[in-house]
Amino acid sequence: MMTTNTTILSKRYFSCRLLVVGLSLLMASACKKDDTSPQNGNDRLMEVVMDNFNLSKFKAAVDRSDMRPVLTSTGPLTVLAPSDGAFTNAGYKTPVDVATTSIPLMIKLTGYHLLIGNYDLNKMPFLFNQEIRTYNGGKLYVTRWVKDNDTVLTVNGSRVLATGIKASNGSLQVIDRVLEPYLFETLGEALTADASLSLFTHAMQRSGLFDLLKGKGPYTVYAANNAAMTTYGYSTLEQIEAADPAVLAALMRYHVAADRRFVYDYILTAGKSAIITQTMLDDNNVKIQLVPDPTSPGLYNGITLQGPGNSSPATLLKQNIITGNGVLHITNQVLKITR
């Protein structure tokens, strides 16, 4: 489990910055999913999307995936719409970039941002990573937390910028990141599918822990890429195969946490020191340091990790890769308990 400081991050960090999304908010009145009837109103969700300049790329995604009939249906539906800035950060600079992307990818992506029924995220319990099924059957995880009298909402570790925007057939929430479609049932599948993790994956298999990552979980894995494993001393599959399984097991346990943790979960629970610890499977701790956002003084947008044996912090090369039984992060260093 994570341990937290009792001090609280600056209230500025959790202000919603609604001017960024350029949307008028009407808070939803339902406290949970409501499948009985749509809300009263004159506009369908598709019209709400079209009327908001900050959702032009999401509109392009809806059109590319041919989901317009879904957003104009009787519903009710809840839309988690990434802002245009979120699409930009995901590599889509213009709506044309979205409109020319693979149709199957856009179908998966758009369907993962739709929920069947009305969900008022502001009325969910104050818990981390509550599971909800999406329109296309994938899982996503909603956190509702309070910091310094401000309520913070995240979906798969992405901040919710605006909630409860009403339509006659449901509601719309604006989020600050494009959610990657749910692709893997297990962390084992996610590791195997990434060629840059072949050495780490083989070490997991050789250690006897790989079956654990195919189980129910949830787990969070901080997987060192091949370059990091090579620097550590395991540069080939043959070297890993020749290693003592017990030694590998001790190393691999220090890269797995028995919980589901997105990057933003650490930002929510760290105190003014911007440092928190994560307990791993071997009961040893990794130091988590928040990374300041260079564009927003006083705010944070990432983390580094450091074991007692690391001379410098490890950074995340990829983060928040969601699977059915946990979350995968890819690091540029092997985490070390001792030098």
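A word on terms before I start: helices here are DSSP runs of H or I with at least four residues, numbered from the N terminus. The model is a predicted one.

Let me begin with helix H3, residues 56-64. Which residues of H3 are buried? They are Lys57, Phe58, Ala60, Ala61 and Val62. As a general point, an α-helix has 3.6 residues a turn, so residues three or four places apart point the same way. The cover over the buried residues of H3 includes helices H2 (45-51), H4 (68-71), H5 (84-89), H6 (95-99) and H7 (103-112). Strand E2 (77-82) is also among the elements covering them. Just after H3 comes Asp66, with a positive phi of about 60°.

Now the rings. How many aromatic pairs does the structure hold? There are 3. One of them joins Phe87 and Tyr92 edge-to-face, at 5.9 Å centre to centre and with 70° between the planes. Phe87 and Tyr92 are both buried. Another pair, Tyr232 with Tyr234, is tilted: the centres are 5.9 Å apart and the planes make an angle of 35°. Tyr232 counts as partly exposed because its relative accessible area is 35%, which falls between the 20% and 50% cut-offs. Tyr234 has 13% relative accessibility, so this residue counts as buried.

Last, charges over rings. Arg144 sits over the face of Phe126, 3.9 Å from the ring centre. Arg261 lies over the face of Phe128, with 5.1 Å to the ring centre.

That is my list; questions are welcome.

Conventions:
Residues are numbered from 1 along each chain as its sequence is written. This is a predicted model: local features need pLDDT of at least 70, side-chain atom pairs count only at pLDDT 80 or more; totals for chains, interfaces and linings use all residues. Side-chain values use heavy atoms; hydrogens and water are left out. Buried means under 20% relative accessible area, exposed over 50%, partly exposed in between (1.4 Å probe, protein chains only). Helices (H or I, at least four residues) and strands (E, at least two) are DSSP runs, numbered from the N terminus. Contact means heavy atoms within 4.5 Å. Rings of Phe, Tyr and Trp (its six-membered ring) pair if their centres lie within 6.5 Å; planes under 30 degrees apart count as stacked, over 60 as edge-to-face and the rest as tilted. A charge sits over a ring if NZ of Lys or CZ of Arg is within 6 Å of the ring centre and within 35 degrees of the ring normal.
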